[in-house]
Amino acid sequence: MIVNLRDTGVMKYTGLIREMNTPIARSACVITFGCQQNEADSEKLRGMLTDMGYTTAPSPEEADVIIMNTCAVRAHAENKVLSMLGKFKDKKTADPSVIIGVVGCMAAEQGTVDLLRRAFKYVSFTIEPNMISRLPEVMWRAANSERMFVIGTDKGDVVEGIPTERAGGHRAWVSVMYGCNNFCSYCIVPYVRGRERSRDSADVIAECRDLIAGGCREITLLGQNVNSYSSDTDFAGLLKRITDIPGDYRVRFMTSHPKDVSDALIDIMAERGDKIPPYFHLPLQSGSDRILHEMNRTYNREKYLKTVEKLRQKIPGIVISTDIIVGFPGETEEEFSETLDMLRTVRYDMVYAFIYSPREGTRAAKMDCQIPGDVKSERIGRLLRMQDEISLEKNTEYVGTVQRVLVDSVKTDGDGRLLSGRTPGNKLVHFRSATSAPGDFINVKITRAAPFNLFGELAKE
């Protein structure tokens, strides 16, 4: 049940009466595909299921309830979901009481929902990403009906108070806004997640304060375009208020659109460098001005490079990563070369490169001159080989330095305990320690570099 909290489009989650929803000794499994926002949504799905009395199943094969939180950004992710769904048919046939739900971005695509109705009739329900707060109601309906139904047509309210079962004790995702207004020609997100809606700053700050009080060491603020956050303050103001909270922690954020990187945002990063690490993910997508225009990215090379220059002037040593799409419709060899030139010019620390994938309902999917698959594969191979060289050169600069690493994981091998963690600049570091544990900040001296990670040893006091 959702109740109106204020006359501002903000709603309050209350759940349902426990007795209506809680089968005895039933378990649930949430499977997540896609981005960090989906990870954050899955934490809420698990929180609601726990609140309803479900235990967590170790695998979907052992679960009475299977919920797939899906991604629609690329065809590969959708195909993976459908393939996995097909494997659950026998489970549903053997036990008709099993509940199978599809939520997330795929559930907001009419074509996908029609396919599920037609070819996956054993799916119990679908819920659009903006409607996941209605899971208790949906679960009750699913337990009392064999008919597949769809929950959608969300007005775009922000729902506060959803119980959350977080995956990592020392790291946390915090969504500060939802949706996107940019309508990049290749992207399905505005169609499946709706227009931008920002949470009240007081609610965000209260959530962060509770996390820090509970021992969280790193908070990542999430939004499809996080730096266009707008409530009673802008994103720079929100960062300032969050980092006013006492404690030893870091605040990261993603994802940023270059058009909304303000001077105020760069200034607060420089001012609060003790809590806002020197790391910025700044998606480029293409180095060609013509392709950027066709993508509806609303910036060009010159504007992008000026933003990079400001970041490096104000925050010396900042680590910059990016997203690049290879093989956008009509991309010529010369235009692809312009993207390679941006790699040489900016010298990114990390690049997340993707082959263009047509998404039904977007303008780019209807464009002429779709690039053949073999051409796209050859181009992305060249790009990744170039970036590997740059990343290795950048990482080698860290050898001999001491980095404050936040420990993420520990495993044991023949040589003892091997730990992994992240530097302030988000570099992955492997090192050994007999006593350190996840959530600890440890000073590590870097001894060796590779393109994708660093290796080190405990720094001497």
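Ser-124 is buried, with a relative accessible area of 9% (buried means under 20%, exposed over 50% and partly exposed in between, using a 1.4 Å probe and protein chains only). This is a predicted model, in which local features need pLDDT of at least 70 and side-chain atom pairs count only at pLDDT 80 or more, while totals for chains, interfaces and linings use all residues. Residues are numbered from 1 along each chain as its sequence is written, and side-chain values use heavy atoms, leaving out hydrogens and water. Helices (H or I, at least four residues) and strands (E, at least two) are DSSP runs, numbered from the N terminus.

**Around Ser-124 and helix 5**

- Ser-124 sits in the loop that links helix 5 (110–119) to strand 7 (125–127).
- Beyond its neighbours within four places in sequence, Ser-124 is in contact (heavy atoms within 4.5 Å) with Lys-92, Val-98, Ile-99, Ile-100, Ala-142, Arg-147, Met-148 and Phe-149.
- In helix 5 itself, Thr-112, Val-113 and Leu-116 are buried. These residues lie on the same side of helix 5, because they cover an arc of only 100° around the axis (the arc is that of the directions from the helix axis to the C-beta atoms).
- The other side of helix 5 carries Gln-110 and Arg-118, which are exposed.
- Cover for the buried residues of helix 5 includes helix 3 (75–87), strand 6 (99–104), strand 7 and strand 8 (149–151).

**The 15-16-17 sheet**

- Three strands form an open sheet in the order 15-16-17, with parallel pairing (two strands pair if DSSP finds at least two bridges between them).
- Strand 15 (279–281) and strand 17 (350–355) are at the edges with a single partner strand each, so one side of each has no neighbour in the sheet.
- Neighbouring strands of this sheet are turned by 15° against each other on average, direction ignored. Axes here are lines fitted to C-alpha atoms, for helices over the stretch in contact, and angles run from 0 to 180 degrees between N-to-C directions.
- Helix 14 (residues 373–396) packs on this sheet and touches strand 16 and strand 17, its direction making about 175° with that of strand 17.
- Strand 16 (residues 319–326) pairs with strand 15 over three bridges and with strand 17 over six bridges.
- Among the facing residues, Tyr-279 stands opposite Val-319, Phe-280 has Ile-320 as its bridge partner, and Asp-323 stands opposite Tyr-352.
- Strand 16 is largely enclosed by the rest of the structure, because eight of its eight residues are buried.
- In a regular strand the side chains alternate between the two faces of the sheet. In strand 16, Val-319, Ser-321, Asp-323 and Ile-325 point one way, while Ile-320, Thr-322, Ile-324 and Val-326 point the other way.

**Helix 12 against helix 13**

- Helix 12 (residues 301–314) and helix 13 (residues 333–346) pack at an angle of about 15°, with axes 12 Å apart. They are therefore roughly parallel to each other (angles under 35 degrees count as roughly parallel, over 145 as roughly antiparallel, 65 to 115 as roughly perpendicular and the rest as oblique).
- From helix 12, Arg-301, Tyr-304, Leu-305, Val-308 and Arg-312 meet Glu-338, Asp-341, Met-342, Thr-345 and Val-346 of helix 13.

**The 10-13-14 sheet**

- Another open sheet has three strands in the order 10-13-14, with parallel pairing.
- Strand 10 (171–175) and strand 14 (250–254) are its edge strands.
- Helix 9 (residues 235–243) lies across strand 13 and strand 14, running at about 160° to strand 14.
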